[in-house]
Amino acid sequence: MFSLKNPEEIRIMREGGIILARILKKISRETRAGVSAIYLNELAESEIKKEGGEPAFKNYEGFPASLCVSVNSEVVHGVPQGKVIRKGDVVGLDLGLKYKSLHTDAAVTVVVGEASREIQKFVQDCRQALYLGIRQVKSGHHIGDISSAVQSFVEQNGYSVVRQLVGHGIGYQVHEEPRVPNYGEKGKGLLLCTGMTFCIEPMINMGEAQVEIKEDGHTFRTADRSLSAHFEHTVAITDRGCLILTED
């Protein structure tokens, strides 16, 4: 089951999403060689507090921070403690915001300093996969239309999509129904309709699709230690079509 949001709830989520996008941009600019992930986490918490919100991830299922910082082979849910960003790192930044009782969630991947064309293209292609998925968000389409658009683009470019982790509904909880996989068949799955709010988040690997959880019990990494990238937006389906809630 999932809950449909009314226009006022979507308006509040949009307000929170603009704040989240602005904070995530600021953190991205600060993600450079020599900076600790703890500093980035503290910056996220400080900015969220300034805006009158609450960190959505802190203490969620025991997660010890407000910002997920996933480096190189880490896919998602990276714990910031003990990490210092280095030149050439591929850094996933995932942040959730609770604002006026409603949640939004977004993620970007940052290449720190110089990197090969292959790595730059990999990260750019992950971002492109997100927007190809978003293009399929409209009443009358299916979840599978989003999933298929992401999967086909990713695999055509020689990468793999993570199957053990998926996008999700969002609103009064960080994670709600429906599940939004990054793989699937066009025309299959739940029918999309006005009032739905959910997160599309391609998680793609340069190597194999398999992931495993690290000893910290939170961080997922690629089983073959290949690079991973992650982009995410919260979207809503309105009478006018798809609205990206986490863009400023």
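Modeller: A cavity is a set of grid points where a 1.4 Å probe fits but cannot get out. The model here is predicted.

Biologist: How much space lies in the largest cavity?

Modeller: With a cut-off of 30 Å³ or more, the count comes to 1 cavity. The space in the largest cavity is about 30 Å³.

Biologist: Which elements give two or more residues to the lining of the largest cavity?

Modeller: Residues lining the largest cavity include Ser70, Val75, Val90 and His230. The lining divides into 5 nonpolar, 6 polar and 1 charged. The elements giving two or more residues are strand S2 (67-71), strand S3 (74-76), strand S4 (90-99) and strand S13 (228-230).

Biologist: Which element gives the largest share of the largest nonpolar core?

Modeller: That core has 31 residues, and those with the most contacts inside it include Ile27, Leu67 and Leu93. Helix H1 (7-30), helix H2 (37-50), S2, S4 and strand S5 (102-111) each give two or more residues to the core. The largest share, 8 residues, comes from H1.

Biologist: Which residues are in contact with leucine 93, leaving aside its neighbours within four places in sequence?

Modeller: Leu93 is among the residues with the most contacts inside the largest nonpolar core. Leucine 93 is in contact with Leu24, Ile27, Ser28, Thr31, Leu40, Leu67, Cys68, Val69, Ala106, Ala107, Val108 and Val110.

Biologist: How many residues are in the second, separate core?

Modeller: Ile134, Leu192, Ala229 and Val235 are included in it. Ala229 also lines the largest cavity. The second core has 29 residues.

Biologist: Which strand supplies the largest share of the lining of the largest pocket?

Modeller: About 510 Å³ of space lies in this pocket. Its lining has 26 residues, with Tyr60, Glu61, His77, Leu165 and His175 nearest the centre. Strand S7 (167-169) and strand S8 (176-180) each supply at least two residues. The largest share, 4 residues, comes from S8.

Biologist: How do the residues lining the largest pocket divide into nonpolar, polar and charged?

Modeller: Glu61 and His77 are among the residues nearest the centre of this pocket. The whole lining divides into 11 nonpolar, 8 polar and 7 charged.

Biologist: Which element gives the most to the lining of the second largest pocket?

Modeller: This pocket holds about 280 Å³ of space. Of its 16 lining residues, Lys25, Val108, Arg127, Tyr131 and His233 are closest to its centre. H1, S5 and helix H3 (117-134) each supply at least two residues. With 4 residues, the element that gives the most is H1.

Definitions and conventions. Residues numbered from 1 in each chain as written. Predicted model: local features only at pLDDT ≥ 70, side-chain atom pairs only at ≥ 80, totals over all residues. Heavy atoms only, no water. 1 Å grid on protein atoms, 1.4 Å probe; cavity = no way out; pocket = protein on both sides within 12 Å on 5 of 7 lines; lining within 4 Å. Points joined across faces, edges and corners; volume = space filled by probe spheres on them. Nonpolar A, V, L, I, M, F, W, Y, C, P; charged D, E, K, R; others polar. Core = buried A, V, L, I, M, F, W, Y, C linked by side-chain atoms within 4.5 Å. Buried < 20%, exposed > 50% of the residue type's maximum accessible area, 1.4 Å probe, protein only. Contact = heavy atoms within 4.5 Å.
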